[in-house]
Amino acid sequence: MSNQLLHQHVATLVTEDYRTADVFRRYGMDFCCGGKRPLKEVCEKKGVNPDEVVNELEHVMVQPAAGMPRFRDWSPDLLIDYINQNHHTYVRSAIPRMSQWINKVAQRHGHDRPENVEIAKLFNELAEAMLDHLKKEEDEQFPLVSLVLEKNKKGESPDEQERESLKRLHEELEAEHEHAGDTMAKIAQLSNNFTPPEWACPTYQLAYKELSDFEKDLHQHVHLENNLLFPKATQLISN
Ligand SMILES: [Fe+2]
Ligand SMILES: [Fe+2]
């Protein structure tokens, strides 16, 4: 099994069993935007011992999976509903309170810890881009996927314009995911992996904890779209 795992793409491993995401997260390995690469290559790039990673993956994969959503078996409309209810709702509620805390930390501690000024700048830009991104998915991409799915159920094929629009949207949205992932990776680096200094006040601690949660949520959100929803939608327009 070990050798087989090394040749599989990281994104595929997470698609097959979402519990593996925790292992990749611990090693700082990207499984959502840059996940379409074999595990062996990703380990080499990170300078991590592949046997160690494989052991950990095997350990989580043999545990009983009761209660874990089997996202890979979900239909596109169920995935859309879950993404909307879970991830889009979370992003919209988290951004205003996080912006408040992050900007406060930048104002109060930016003098001694200038990385917080840069973090606030990056987060404010990301927040704006993400709200536009969610709107594009909800107003354009999700309805188009639902339309194509309905046609498919009736045995009808999508027309050329629908195919082209969906392809264009996937390209744009994937590029936006990559940009969001890169921005959060920069914030992780600047914040020493979301670790506040020992003397940090509650707002400082809370801001870093929320940033860490935000990154975790982003990774799952992007994984569900890039590695499950978009390929399933592409399959619908390829028939
Ligand atoms: Fe989304
Ligand atoms: Fe997205």
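**Figure 1. Contact between domain 1 and domain 2.** Ten residues of domain 1 are in contact with ten residues of domain 2, contact meaning heavy atoms within 4.5 Å. The structure is a predicted model, in which local features need pLDDT of at least 70 and side-chain atom pairs count only at pLDDT 80 or more, whereas totals for chains, interfaces and linings use all residues; side-chain values use heavy atoms, with hydrogens and water left out. Residues are numbered from 1 along each chain as its sequence is written, while chains are lettered from A and ligands numbered from 1 in the order in which they are written. Zero salt bridges are found by the rule across the interface of domain 1 and domain 2; a salt bridge is a side-chain nitrogen of Lys or Arg within 4 Å of a carboxyl oxygen of Asp or Glu.

Figure 2. His88 (NE2), Glu137 (OE), His221 (NE2) and Glu225 (OE) coordinate the iron ion (ligand 1) at 1.9 to 2.2 Å. Donors are N, O and S atoms within 2.8 Å of the metal (3.2 Å for Na, K and Ca); water is not among the atoms, so sites may look incomplete. Along the chain, the donors of the iron ion (ligand 1) follow the spacing H-x48-E-x83-H-x3-E. The arrangement around the iron ion (ligand 1) is irregular because its four donor atoms subtend angles of 89 to 161°. Four donors count as tetrahedral if all angles lie between 85 and 135 degrees; four count as square planar and six as octahedral if opposite donors are over 155 degrees apart and all others between 65 and 115; anything else is irregular. The iron ion (ligand 1) lies 3.2 Å from the iron ion (ligand 2), and Glu137 coordinates both. Distant parts of the chain are linked by the pair His88, in helix H6 (residues 76–109), and Glu225, in helix H9, 137 residues apart. Helices (H or I, at least four residues) and strands (E, at least two) are DSSP runs, numbered from the N terminus. His88 is buried, at a relative accessible area of 1%. Buried means under 20% relative accessible area, exposed over 50%, and partly exposed in between (1.4 Å probe, protein chains only).

Figure 3. The donors of the iron ion (ligand 2) are His133 (NE2), Glu137 (OE), His177 (NE2) and Glu225 (OE), at 2.0 to 2.2 Å. Angles of 86 to 168° are subtended by the four donor atoms around the iron ion (ligand 2), which makes the arrangement irregular. The donor residues of the iron ion (ligand 2) have the sequence spacing H-x3-E-x39-H-x47-E. His177 belongs to helix H8 (residues 160–190) and Glu225 to helix H9 (residues 202–238), so the pair ties together parts that are 48 residues apart in sequence. His177 is buried, with a relative accessible area of 3%, and Glu225 is buried, with a value of 0%.

Figure 4. The structure holds 20 salt bridges. One of these joins the side chains of Glu56 and Arg26 (2.4 Å, N to O). Glu56 is located in helix H5 (residues 50–61) and Arg26 in helix H3 (residues 20–26), so this pair ties together parts that are 30 residues apart in sequence. Glu56 is partly exposed at 23% relative accessibility, whereas Arg26 is exposed at 57%. A salt bridge also forms between Glu138 and Arg92, with the closest N and O atoms 3.0 Å apart. Glu138 lies in helix H7 (residues 115–153) and Arg92 in helix H6, so parts that are 46 residues apart in sequence are tied together. Glu138 is partly exposed at 24% relative accessibility, and Arg92 is partly exposed at 37%.

Figure 5. Asp213 and Lys209 form a salt bridge in which the closest N and O atoms are 2.8 Å apart. Asp213 and Lys209 are separated by about one helical turn because they lie four residues apart in helix H9. Asp213 is partly exposed, with a relative accessible area of 30%; Lys209 is also partly exposed, at 48%. A network of salt bridges links Lys136, Arg168, Glu172 and Glu176.
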